[in-house]
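Here is a short note for someone opening this structure for the first time. Please read it with the model on screen.

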Number of protein chains: 2
Amino acid sequence: MTQLLRVQNFSIASDGVAAGVDQSFESPFGFDHRDLFAWSGATASWPNRTEPGGTRGLDDYFTRDFTHNIGAEIMGRNKFGFQRGPWVDHEWQGWWGDEPPFHTPVFVLTHHERPSITLSDTTFHFVDGSPAEVLSKAKQAALGKDVRLGGGVTTIREFLDADLVDTMHIAVAPVEIGSGLKLWESPDELEDRFEHEVVPSPSGVAHHLFWRK
Amino acid sequence: MTQLLRVQNFSIASDGVAAGVDQSFESPFGFDHRDLFAWSGATASWPNRTEPGGTRGLDDYFTRDFTHNIGAEIMGRNKFGFQRGPWVDHEWQGWWGDEPPFHTPVFVLTHHERPSITLSDTTFHFVDGSPAEVLSKAKQAALGKDVRLGGGVTTIREFLDADLVDTMHIAVAPVEIGSGLKLWESPDELEDRFEHEVVPSPSGVAHHLFWRK
């Protein structure tokens, strides 16, 4: 069974922006990011749901597929936390709280290594290396399952540039951010290497699905 | 966690027909049914795939969701086999071969009970009783997971009439059969009780998704 590197449920604005220019400790995205994830938050399978209910239509399929056959995640350092440069505060264990939503080993890309952290059933490893080297570690840790490429934008673009991404699901929300880090100018940029389907959801997002030609 | 009764990947023709009038030992559907399932057979996740490849777009999500969080299946007798009336041939163990694609307990509705059959990791139980009684047995066997309502048409309609179905995914293929058992005259019939989304796939099928209001 081939192990895939999959981007899953990565949400961006209609202008391609997925992260703002003003990231801070208080604002992981640098803007009010709730609009980007509203499509998933409305579903019955949303893991942070505290009340019953929620939709069980198309968006619910994507939401519950997030963990399906995933054995590890790779993320950029800014998805773990806001600190830059050498880690000065080992007490602070990232943005994800005591019950991170990953439930697998997570490989955090950084030039500044630090000891691994286990929070509930998620273990964060801090690794330096090329995309191919980190992917090799993550595949080994995934024990035969696929690896999720968690983002952010810079990380996804690095792995796309290295031609290591097998499948990609990008949810394009009907909002504009204006300035910030863009995943793309246009999704057509990827069509030389990927098959590309666009599935409009009744919720207003458009699900863009890519897989290698 | 609520246990749901889910219809999954049930494929019908655009005129609502899902089973022909001429079912026989040689022809489980009573017509050439391959067109109904072509959408799923083209995907990378199709379990009977013998060669690499296959699409990884929208249809692949539905195909791989078939087993997701399913702990048991309920099916009508005609989905198990062609025999009618009392079981005269216990040697014949149904249409599904030595490796049935269910991988869970399966409850076969019949007025003629017979001993259970285990084939690989699927066990077929033959049960008489009302839809509610059979569902109760299946939920117990599912150990907290959901129950799939596998069909055929008559079985799905019985459980809809008893108001026991929680979610339903019907794939409507772009073919007409003409005569046979129909799931519906129009999907609108269900909108008094169910939310209803229609998602057209680039493959030509329309995925109809229903969940309780």
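1. **Salt bridges between the chains.** Two salt bridges are counted between chain A and chain B. This is a predicted model. One bridge to look at joins Arg64(A) to Asp65(B). The closest N and O atoms of Arg64(A) and Asp65(B) are 2.4 Å apart.

2. **Polar contacts across the interface.** Four residue pairs are in polar contact between chain A and chain B, with both partners at pLDDT 80 or more. Several elements of chain A build the side that touches chain B.

3. **Extent of the interface.** The area buried between chain A and chain B is about 1900 Å². Carbon and sulfur atoms give 65% of that area. Three residues deserve a look on the chain A side: Arg56(A), Tyr61(A) and Trp211(A) supply 32% of the area that chain A buries against chain B, more than any other three residues.

4. **Arg64(A) again, within its own chain.** Over all chains, the salt bridges number 20. Side chains of opposite charge can pair when their charged atoms come close. Arg64(A) also forms a salt bridge with Asp60(A), with the closest N and O atoms 2.9 Å apart. Where do the two partners, Arg64(A) and Asp60(A), lie? Both are in helix H2 of chain A, four residues apart, about one turn of the helix. Are Arg64(A) and Asp60(A) buried or exposed? Both are buried.

5. **A link between distant parts of chain A.** Asp166(A) and Arg212(A) meet through their side chains in a salt bridge, at 2.9 Å from N to O. The two residues are 46 apart in the chain. Asp166(A) sits in the loop between helix H5 (153–161) and S8 of chain A, while Arg212(A) is in strand S11 of chain A. Asp166(A) has 16% relative accessibility, so it counts as buried. Arg212(A) is partly exposed, at a relative accessible area of 31%.

6. **A link in chain B.** The side chains of Asp163(B) and Arg212(B) form a salt bridge, at 3.4 Å from N to O. Asp163(B) is in the loop between helix H5 (153–161) and strand S8 (167–173) of chain B, and Arg212(B) is in strand S11 (residues 206–212) of chain B, so the pair ties together parts 49 residues apart in sequence. Asp163(B) is partly exposed, with a relative accessible area of 36%. Arg212(B) is also partly exposed, with 33%.

7. **A salt-bridge network.** Which residues are linked in a network of salt bridges? They are Arg6(A), Asp65(A), Asp146(A), Asp60(B) and Arg64(B).

8. **Strand S6 of chain B.** Why is strand S6 (residues 122–127) of chain B described as largely enclosed by the rest of the structure? Five of its six residues are buried. Strand S4 (residues 105–109) of chain B runs parallel to S6(B), and five bridges join the two. In this pairing Leu109(B) stands opposite Val127(B). Strand S5 (residues 117–119) of chain B pairs with S6(B) in the antiparallel sense, over three bridges. Here Ile117(B) stands opposite Phe124(B). S5(B) and S6(B) form a hairpin with two residues between them. In its turn, Ser120(B) has a positive phi of about 55°.

9. **Ser14(B).** This residue lies in the loop between strand S1 (5–13) and strand S2 (17–19) of chain B. Ser14(B) has a relative accessible area of 43%, so it is partly exposed. Beyond its neighbours within four places in sequence, Ser14(B) is in contact with Val172(B), Ala173(B), Val175(B) and Glu176(B). Ser14(B) and Ser186(B) are 172 residues apart in sequence, yet their C-alpha atoms are 9.6 Å apart in space.

Note on methods: Residues numbered from 1 in each chain as written. Chains lettered and ligands numbered in written order. Predicted model: local features only at pLDDT ≥ 70, side-chain atom pairs only at ≥ 80, totals over all residues. Heavy atoms only, no water. Buried area = accessible area lost by both parts, 1.4 Å probe. Salt bridge = Lys/Arg side-chain N within 4 Å of Asp/Glu carboxyl O. Polar contact = N/O pair within 3.5 Å; in protein donor to acceptor, adjacent residues only side chain to side chain. Buried < 20%, exposed > 50% of the residue type's maximum accessible area, 1.4 Å probe, protein only. Pairing = 2+ DSSP bridges. Contact = heavy atoms within 4.5 Å.
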